[in-house]
Amino acid sequence: MKKFNKKSLAYGFMFIGIILLISGIIISVSLGAKNIDFSTIMQSLFNDNNDVNTKIIRDVRIPRAIAAGLVGGFLAVSGAIMQGITRNPIAEPSVMGITQGATFMIAIAFVLQRIYPNLVIGSFKLMIFAFLGASISGFLVYFISSRSARKVDPVKLALAGTALGTLLISLAMGLAMYFNLSQQLSFWIAGGLLSAKWEGVKLLFIVGGVSFIGAMIMAPKITILSLGEEVAIGLGQKTNLVRFLSILIVIFLTGASVSVAGNIVFVGLIVPQIAKRIVGADYKYIIPSSMILGSVLLVYSDILARMINPPYETPIGSLTALLGVPIFIHLVRKDTK
């Protein structure tokens with residue numbers, strides 16, 4: 001009966017989350033420098049007229065709202081997986097230096113543009129640079145912290161990620177100051193969805209979608225691994241392989257997210273904690289619940305970022321940090337008692 005109630009609670013939680021997400025996307029598309037009513041939005045979706053409202057809705061606001069939902073969801077899933085495989089409640093993607101690697105490669109792209117003025121690096125190429133940087137730094141941290149190709153120490157993983165992440169973000173800031181690129185790089189450091197376009201949404205759907213399916217397949221094994229190394233081995237799990245595949249999924253989910261939205265912190269920390277308290281310890285429910293709740297959090301954060309100081313935008317990373325820091329301090333103090 002208890003299991004049934006927990007399962008029902010998980011499905012009910014996800015259902016409410018989906019309703020909030022759909023409402024948030026509608027609000028996000030409606031609000032902006034120019035408010036657009038719901039009837040105009042529906043006409044723009046089904047009519048081929050090329051007026052200003054239609055272009056704003058189709059080319060700017062819809063991809064931005066979808067990108068916010070996908071980025072928030074993927075970052076939350078990445079955090080849930082990290083916390084499960086390391087058994088560390090304060091683990092999140094930035095622990096592996098993934099976001100810092102993306103920022104470093106963005107700095108490299110800007111430097112190349114400054115050195116070679118004829119070299120054009122558009123938004124899609126910048127996303128590729130960011131994705132490559134996130135992937136390379138993630139793999140590098142994994143292999144630094146591993147004793148063999150598939151055996152990694154969770155403690156060394158956190159230490160190596162923190163060290164490499166600090167180095168990469170310092171190098172990125174150094175390049176930005178030397179080449180006078182601080183303003184261009186500030187967006188990627190603070191995080192935001194101002195430049196989210198359909199190219200970014202496609203990248204998220206392809207890379208993130210496949211990775212999310214992989215996360216759901218791995219969910220039962222992550223649940224067992226979260227019980228402890230000895231328990232998982234006793235139940236016949238290949239813990240090193242599970243951890244390797246899980247980290248691979250985290251790298252791709254986070255790499256795609258950072259390449260579109262920059263460095264958005266704490267989503268991967270706070271969302272899995274909330275989901276776990278509601279749906280229990282089974283990652284079959286934690287992962288989809290985190291996906292939905294992370295999407296809701298970032299969609300509404302994006303709306304708030306546009307409303308605080310119009311027509312300027314507040315960096316979303318600042319808003320998620322305001323939410324995340326108190327929860328982070330609470331978790332740290334709880335674990336030290």
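**Entry 1: the pocket**

I started with the largest pocket, which holds about 400 Å³ of space. I kept in mind that this is a predicted model. What lines the pocket? I found 18 lining residues, and Gly32, Ala33, Arg61, Arg306 and Glu313 are the ones nearest its centre. Next I looked up which elements give two or more residues to the lining, and these are helix H3 (52-86) and H12. H3 gives the most, with four residues. Sorting the lining by class, I got eleven nonpolar, two polar and five charged residues. I jotted down a reminder for myself: rolling a probe the size of a water molecule over the atoms shows where empty space is left.

**Entry 2: helix H2**

I moved on to helix H2, residues 38-46. Which of its residues are buried? My list reads Thr40, Ile41 and Ser44. Looking down the axis of H2, I saw that the buried residues fall within an arc of 105°, so they line one face of the helix.

**Entry 3: aromatic pairs**

How many aromatic pairs are there? The count comes to three. I picked one of them, tyrosine 11 with tyrosine 285. Their ring centres are 6.0 Å apart and the planes sit at 80° to each other, so the pair counts as edge-to-face, for which the angle has to be over 60 degrees. This pair links distant parts of the chain, since tyrosine 11 is in helix H1 (residues 2-30) and tyrosine 285 is in helix H12 (residues 283-307), 274 residues apart.

**Entry 4: serine 301**

I stayed in helix H12 for this one, because that is where serine 301 lies. Its relative accessibility is 6%, and buried means under 20%, so serine 301 counts as buried. What does serine 301 touch, leaving aside neighbours within four places in sequence? I wrote down contacts with Ile316, Leu319 and Thr320.

**Entry 5: two positive phi values**

I then checked phi in residues other than glycine. Asparagine 180 has a positive phi, near 55°. Where is asparagine 180? I found asparagine 180 in the loop between helix H6 (154-178) and helix H7 (182-190). Asparagine 180 has a relative accessible area of 59%, and exposed means over 50%, so I marked this residue as exposed.

Phenylalanine 266 also has a positive phi, near 75°. This residue is in a loop too, between helix H10 (239-261) and helix H11 (267-279). Buried or exposed? Phenylalanine 266 counts as buried, at 16% relative accessibility.

**Entry 6: serine 182**

My last stop was serine 182, which I found in helix H7. Serine 182 is partly exposed, with 34% relative accessible area. Leaving aside neighbours within four places in sequence, I noted contacts between serine 182 and both Ala176 and Met177. I also looked up how far serine 182 is from serine 318. Their C-alpha atoms are separated by 18 Å, and the two serines are 136 residues apart along the chain.

Terms used
Residues are numbered from 1 along each chain as its sequence is written. This is a predicted model: local features need pLDDT of at least 70, side-chain atom pairs count only at pLDDT 80 or more; totals for chains, interfaces and linings use all residues. Side-chain values use heavy atoms; hydrogens and water are left out. Buried means under 20% relative accessible area, exposed over 50%, partly exposed in between (1.4 Å probe, protein chains only). The arc is that of the directions from the helix axis to the C-beta atoms. Rings of Phe, Tyr and Trp (its six-membered ring) pair if their centres lie within 6.5 Å; planes under 30 degrees apart count as stacked, over 60 as edge-to-face and the rest as tilted. Contact means heavy atoms within 4.5 Å. On a 1 Å grid over the protein atoms alone, a cavity is a set of points where a 1.4 Å probe fits but cannot get out, and a pocket is an open set with protein on both sides within 12 Å along at least five of seven lines; lining residues have an atom within 4 Å of a point. Grid points are joined across faces, edges and corners, and a volume is the space filled by probe spheres set on the points. Ala, Val, Leu, Ile, Met, Phe, Trp, Tyr, Cys and Pro count as nonpolar, Asp, Glu, Lys and Arg as charged, and the others, Gly among them, as polar.
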